[in-house]
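Dear colleague,

Please find below the sequence and structure that I am handing over to you. My notes on the contents follow directly after.

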Amino acid sequence: QLSTTFIAFIQRYIEQLKACEYYECITRYCYILPKPQLVSTLTDFLMSLQDTELRIELITKSKSVLPPQIISKISGNIAQRIIDESIEYWKQHTQEWMRIEAAVCDGIEEGSEDHHKIDSLMCLKIVNDNYHEMLCRTNQLFMIFAKQYKWSAMQQLFLKMHQIIELNQKSNSSGGGSGSGRDEQHFNTYACFKRYKFVIDAYLTWKANHYLDAHLISAQDKYRNNEMLKQYVRSLLSFGDGFLNPCYCAIPPLMFSEINELRYVMLKRLLRVLYTFIGDAQQYEFCVELMTIFADEKYAYYKLFEQDKESIKQLIRRSKDAKIELIKCQQQQQKHQQITRNTR
């Protein structure tokens, strides 16, 4: 049992180590403290670091000093704080994330900070194996990455979390428990982000193969890639009563209007990507189909663009152009059939 005076002395000494930037020594002295003070002191110190790379490095080095359960508890605390701080930051910088555009339409590469958030979320699972909290936190992190246009981070998050979430959901369903309405909303949100991730995968697969020379990819494979992307887009847009419909989905602490802002930006970015696919793969019928889905009152996606009517006008123009191209294709086919009949 350590005396209060001695604990206060250690904490003052740790403050001096921080001031002198002797960071690697701090963990060893924190270990002297009782567990509650150890966890809170080290969590506060690591969160105070602006250099995420340094934070990750120190957590890694701490593994040689601290027991695994302490590391997990600290990482879990950091995960909660990081996610909450990220939510608050992007909530205060709405115009910034809404203007983010990837130069080549392929999203923005994830960084070490994003890996740190995902790894910390895994530690949160170890500390607090609460399916409902994990589901909510995963959706929050999906939302943060979606705002930042970080496709690859969304893919990595899905790979780490999908088994945990889907096995628990299956277990809850087989157990006969329907769960609360709020739980259902959280799983609907996850299902929407999952479908968005599948669209990303399908688009990147299409792009990686579509422009290859004919001897490197068969016409059948190209056709399969085209159909796969279209099917995933349909699944995304026709899910329930619409992608991330706030009446059936929830992302605490976002309000309805904030979720609709996210939907608008994600769909606008998606359209930009799909225009490349439609034009280069000559998928004109699919362009008309997109126009039909966006105009469907069941989903009312067009209402998300009330402050950006130009985007909807562009979709309408592209749909009209696609119909013209379809007519041209039909005329060419009829002409070809006529020539074939005349040569017989």
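A search of the whole structure, which is a predicted model, finds 18 salt bridges, each being a side-chain nitrogen of Lys or Arg within 4 Å of a carboxyl oxygen of Asp or Glu. One of them joins Glu-24 to Lys-61, with the closest N and O atoms 2.7 Å apart. This pair links distant parts of the chain, 37 residues apart: Glu-24 belongs to helix α2 (residues 23-30) and Lys-61 to helix α4 (residues 52-62). Helices (H or I, at least four residues) are DSSP runs numbered from the N terminus. Lys-61 counts as partly exposed because its relative accessibility is 36%; buried means under 20% relative accessible area, exposed over 50%, and partly exposed in between (1.4 Å probe, protein chains only). Glu-24 and Lys-61 also belong, together with Glu-57, to a network of salt bridges.

A second salt bridge is formed by Lys-150 and Asp-114, whose closest N and O atoms are 2.9 Å apart. Here too the pair links distant parts of the chain, 36 residues apart, since Lys-150 is in the loop between α8 (131-147) and α9 (151-174), while Asp-114 is in helix α7 (residues 112-127). Lys-150 is buried, with a relative accessible area of 14%, and Asp-114 counts as buried at 2%.

In a further salt bridge, the side chains of Lys-197 and Asp-201 meet at 2.4 Å, N to O. The two residues are separated by about one helical turn, because they are four residues apart in helix α10 (residues 181-210). Lys-197 counts as buried at 8% relative accessibility, whereas Asp-201, with a relative accessible area of 22%, is partly exposed.

Turning to the aromatic residues, the search of the whole structure finds 19 aromatic pairs. Rings of Phe, Tyr and Trp (its six-membered ring) pair if their centres lie within 6.5 Å; planes under 30 degrees apart count as stacked, over 60 as edge-to-face and the rest as tilted. Phe-277 and Phe-286 form an edge-to-face pair, at 6.2 Å centre to centre and with 75° between the planes. Both of these residues are buried. Elsewhere, Arg-318 lies over the face of Tyr-275, at 4.1 Å from the ring centre (the criterion is NZ of Lys or CZ of Arg within 6 Å of the ring centre and within 35 degrees of the ring normal).

As regards helix α3 (residues 35-48), the buried residues are Leu-38, Val-39, Thr-41, Leu-42, Thr-43, Phe-45, Leu-46 and Met-47. What covers them includes α1 (4-19), α2, α4 and α5 (68-92), where contact means heavy atoms within 4.5 Å.

The search finds zero disulfides, a disulfide being a pair of cysteine sulfur atoms within 2.5 Å. The sulfur of Cys-20 is too far for a bond, because the closest cysteine sulfur, in Cys-25, is 10 Å away. Cys-30 is in no disulfide either, the nearest cysteine sulfur, that of Cys-25, being 11 Å away. Cys-20 is partly exposed, with a relative accessible area of 48%, while Cys-30 is buried, at 0%.

Residues are numbered from 1 along each chain as its sequence is written, and side-chain values use heavy atoms, with hydrogens and water left out. In this predicted model, local features need pLDDT of at least 70 and side-chain atom pairs count only at pLDDT 80 or more, whereas totals for chains, interfaces and linings use all residues.
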